[in-house]
Every structure is written in structure tokens, then in C-alpha cells.
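Hi,

Here's the structure I promised to pass on.

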Amino acid sequence: MTSHPTYEAYGQPYVDEKASMTAEKQDSGGSRDVFAEDDVHQIQYKTLSWQAVSLLMIAEIVSNGILSLPSALAVVGIVPAVILIVFLGIFGLYTAKLLIDFKLNHPNVHTMGDAGYIMSGPVAREVLAFGTVAFAVFASGSELLSSQQALSTLSNQGVCSMYLVIIAGAVGFLISLPRTLDRLAWMGFLSAIVIAVAGFVAMIGAGANPVPGRSLTVAASSNFFDAFLAVTNPVFAYAGHFMFFILISEMRRPEDAMKAAWCLQGFATVFYTVFSVVVYVYIGNTVQSPALFSLPPAWAKATFAIALANFLFTSGLYVHTAAKLVFVRIFRHSEHIHSHTLLGWTVWALLCFTGVAVAAILAIAVPIFSYLIGIAAALFAAWYTYGLAGFFWLHDVYHLKGGVDGLKGRPIGTILAVLTIIAGAFICAAGTYVSIKLIVEAYASGQVGKPFIC
């Protein structure tokens, strides 16, 4: 017999009779928390503090932002770009609140796929689960490319880039292997410090070596393609919400998750703004993406050397996320989740290896991989970070207050939720269009290289 779902995050606990009739539908393992605590379990998952979660998220998100954001200022200008960065940081905090409330209302939700199943059934589960795995693997491949760029810069391009990706992949595989996220928390702490220090070193390097005669743009007019291409950088710099459910599932006190979200979004928003403005002001409109390539060689090497640890850790964390989703899907509520079984560890190691191998092969063998990352981000991250949060709010309020009347009784929340969905749809459509057009132009101009070359 299943328990009736309750909705605590919106006020008084409420028993939804309709939801109770479909409780068996909520996920393939029933309505229980996937990591329900039991002292006899050999592997304990619920060990993360909110501080650890915030550091893991900072380590995962900020590495993308500091590489790409300064170039956005060169396209649209300082004022529009700063407004956009701050707005998206606040918007990301709002959507994080909606995701966290949904997780607290549905403890059995471990991934976006589980959430999709509650709202729309098995098709939504498969689509959102696939998107999570695909985006995590693509993001891991992106971090492998960042690691390769760092190693190539440090070696003065003296080693074949293909070998460097493989080396970085091997390190990422080892990082992804621990079964519980608390084993990665100390690395998350170091990684967050490392990427913050790397950002400060880059700002010092830019300030110590300003570009003579540089030009700055306060606000620039541009066509839709160029403008939205610049907008995609800050939009996807906050794209880490797809990991929220997985991280919260391993917290000792899931109700503290909003503290982690405040810490993450607060730090990322302030750091992104300061870093982007400082680097752009001293380098000007010639700033490159990644921004570290705009620094003098010695400063670029110093920054890449510091940031390398973050790139490697983040690649492993992404693979861990993808492997965890598939592993739980296979063994949900079985002994292999909580016990050191041969089958469990074999499957886990194979999943981690497969994730790293696919990420490395994509980075090495697909000449347009950097463009495909943009498409993956547009298709999935736009929804995970922004759009889906609106659906989560509408779903729970509908069940909490008895249908349409409940939504009408909360007009501001309903309007915000609908606008959030529209924003996710727009980012998805426009981002996909921009990424596809970039691929077409790259082929037309002969910029696309060949696979498996140094």
C-alpha cells in the first residue's frame, strides 16, 4: 500500500486524493526515497551538507562561465551584458527554488526523468532522462577540451591534443568512480577554490597587461544572430540545475537545499559580473573565447595551470552524474544500490568508463563537437535550468489547491511560471537555431577540421 503524497513546500500539508490513486505511477520504484536511510546499509548516500552541495555546484558551473562570458560584453556592450548576467543569476535562483520545492514535495524524485514521469508519464521520463545523460556527457567532453587547451598551452603545443584528451579522460574516470558524492565533496571544495583563484589571477594578468588602444562598447546594436549568440554564453553559464535533484537526494537535510542555491547563485552572479567587466575593460573588444587566450602567454599559462584541476574534476563530476542516473534506474531499491556487490561495482565502473569514453571520443572524433555542445545546451539545459521549473510549480499548485481554482488564486505565481516556460522555450528554439547556423557557416568557411588529428 502506498502513502499519500503530501505537499509541504506550499503551506499546510495536503493529501491529494487524485494523486494517491496514481501513487504507483510516480516512478518505477514506487513512491519511496531512492536512498532511504537504513543503518544496515553498507553504502550510505545521505551524507552531504548544504555547504558541500554549494561547493560542488560552484565547481561545476563557474568553470564554464569564466571562459566564455567576457566575449559577450564585446558583442552587446558592457551595460546590456551586465544586466543580463545579473538578471539570469536572479532568474536561476528563482527556478532553483521551484525545483527544490518540487523535490521536497516528491522525495522519490532522483532525476529530471523521475520528475517527468510524475507530470507526464513514461515518455517524458525517457526524454528527460536521456537529455540529462546526454547533456552530462557532452558537458564532460567540453571539460575535456578545456583540459586539453590547458595542457596544450602549458606544453607550448608540444604534445598531440588527441593524447591530451585521453589523459584528461583517464583522470576524469578515476574522479567519477566513488559511489557517493560525499567522497567527491573535498575535491569539490578544492575545485571551487581553484577556479576562483584562477579567475582572480586572470583579472590580475589582464590588469597588469592592458591592451594598448583597446576599444570598449557601452551598448551595441546588433542583428538577432550575433546578439543571441552572445546571449547564449551567460544563459548557459548558469546551466547546472539538471544536477539539483541528484545532489539533493544525497543531502542529510534536503530542506537545507535552498541555502546551497543561495550560495551558488550569489557567488556565481557576483563573480561572473566582476570577472567579465574587469577582463573586458583591460582587453577590450578583441577579447577571445575562451577569455584566457587573450592574456599574455605567461599569464595564460599560470591561469590554465591553476584552473586545470577544476576542469578535470568537473569532467569527472559530470560523468558521475550520468552514471548515477543510469545505475539507479537499473538497480533502484535493490541490494546493489546500498551494498558492495560484485555486480553493482562492475556495472558502476562500466558506466563511468563508458561515460568518459563517449565524452573523449566526441571531443576527439567529432570536428563540430564544440558546436554540438551548444545544441545540447539549447535543447536540454534551457529547459532544465529555466523552463521546466514553471511546469513543476504549476503541477504542484494544481494538485495542492484543487485544480484551476488553485492556479487562479495565485495569479502572480501562475504568471511567473508561464513566463518561465515561455523563456525556456525561446532559449531552446533560438539557441538551437544559432548553433545550427554556426555549423553551416563553419563548413562553408572551411573552419571544420578533421577527426583524430593532433
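**Cysteines**

A search through the whole structure turns up zero disulfides (a disulfide being a pair of cysteine sulfur atoms within 2.5 Å). Before you go on: this is a predicted model, where local features need pLDDT of at least 70 and side-chain atom pairs count only at pLDDT 80 or more, while totals for chains, interfaces and linings use all residues. Residues are numbered from 1 along each chain as its sequence is written, and side-chain values use heavy atoms, with hydrogens and water left out.

Cysteine 428 is buried, at 14% relative accessible area, whereas cysteine 263 has 31% and is partly exposed. (Buried means under 20% relative accessible area, exposed over 50%, and partly exposed in between, with a 1.4 Å probe and protein chains only.)

**Cores**

The largest nonpolar core has 121 residues, and Leu48 and Tyr272 have the most contacts inside it. Such a core is a set of buried Ala, Val, Leu, Ile, Met, Phe, Trp, Tyr and Cys residues joined through side-chain atoms within 4.5 Å. Its largest share, 16 residues, comes from helix α14 (residues 369–400); helices are DSSP runs of H or I, at least four residues, numbered from the N terminus. There's also a second, separate core of 16 residues, including Phe173 and Phe327.

**Tyrosine 371**

Tyrosine 371 lies in helix α14 and is partly exposed, because its relative accessibility is 21%. Leaving out residues up to four places away in sequence, tyrosine 371 touches Ser435, Leu438, Ile439, Ala442 and Gln447 (contact means heavy atoms within 4.5 Å). Tyrosine 371 and leucine 438 are 67 residues apart in sequence, yet 7.2 Å apart in space, C-alpha to C-alpha.

Cheers

Technical notes:
Helix = DSSP H or I, 4+ residues; strand = E, 2+ residues; numbered from the N terminus.
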